[in-house]
Amino acid sequence: MAQGKAFTQEQREMIIQSLQPYLEMGFSRNKACAFVGLPPQTLSNWVVEDEALGMKLEGWENAINKLAIQNIVDAIQKEGELDDTRKETTKWWLERKMKHDFST
């Protein structure tokens, strides 16, 4: 396959930064690339060339997971403070994270 014109370092950085909001929202790298008009293979090539870039992208990808887990932790802590014996979030967490012991 023919290669297009190479991006300058400045263009490359601008493109990478434009991916951040999409990755932080939980979109895949391919979908984020589609939003900004970058071929996914180009991003893959950049990651192969630059290990730090791969780590940066993973950090952005994990932002939504961190937020979701923090919300679950907050809900479980709140359940512990309340008199509600159902503890739905706690049960949900245990059934998924400790399946062997708590799966129904």
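**Helix packing and aromatic pairs**

Guide: We may start with the relation of two helices: H1 and H3 are roughly perpendicular to each other. Please bear in mind that this is a predicted model.

Visitor: At what angle do H1 and H3 pack, and how far apart are their axes?

Guide: Two packed helices are described by the angle between their axes and by the distance between the axes. For helix H1 (residues 9–24) and helix H3 (residues 40–49), the angle is about 110° and the axes are 12 Å apart. An angle of 65 to 115 degrees counts as roughly perpendicular, and H1 and H3 are therefore described in that way.

Visitor: Which residues of H1 meet which residues of H3?

Guide: From H1 come Arg12, Ile15, Ile16 and Leu19; they meet Leu43, Trp46 and Glu49 of H3. By class, the residues of this contact are five nonpolar, no polar and two charged.

Visitor: How many aromatic pairs does a search of the whole structure find?

Guide: A pair of aromatic rings is described by the distance of the centres and the angle of the planes. The search of the whole structure finds four such pairs. In one of them, the ring centres of Phe7 and Trp46 are 5.7 Å apart and the planes stand at 80°, so the pair is edge-to-face. The pair links distant parts of the chain, since Phe7 lies in the segment before H1 and Trp46 in helix H3, 39 residues apart.

Visitor: Is Trp46 buried or exposed?

Guide: Trp46 is buried, at a relative accessible area of 7%, whereas Phe7 counts as partly exposed, at 39%.

Visitor: What kind of pair do Tyr22 and Phe35 form?

Guide: Tyr22 and Phe35 form a tilted pair, with 4.8 Å from centre to centre and 35° between the planes. This pair too links distant parts of the chain: Tyr22 belongs to helix H1 and Phe35 to helix H2, 13 residues apart. Tyr22 is partly exposed, with a relative accessible area of 25%, and Phe35 is partly exposed at 40%.

Visitor: Which residues form one aromatic cluster?

Guide: The cluster consists of Tyr22, Phe27 and Phe35.

Technical notes
Residues numbered from 1 in each chain as written. Predicted model: local features only at pLDDT ≥ 70, side-chain atom pairs only at ≥ 80, totals over all residues. Heavy atoms only, no water. Axes fitted to C-alpha atoms, helices over the stretch in contact; angles between N-to-C directions. Helix = DSSP H or I, 4+ residues; strand = E, 2+ residues; numbered from the N terminus. Parallel < 35°, antiparallel > 145°, perpendicular 65-115°, else oblique. Contact = heavy atoms within 4.5 Å. Nonpolar A, V, L, I, M, F, W, Y, C, P; charged D, E, K, R; others polar. Phe/Tyr/Trp six-rings, centres within 6.5 Å; stacked < 30°, edge-to-face > 60°. Buried < 20%, exposed > 50% of the residue type's maximum accessible area, 1.4 Å probe, protein only.
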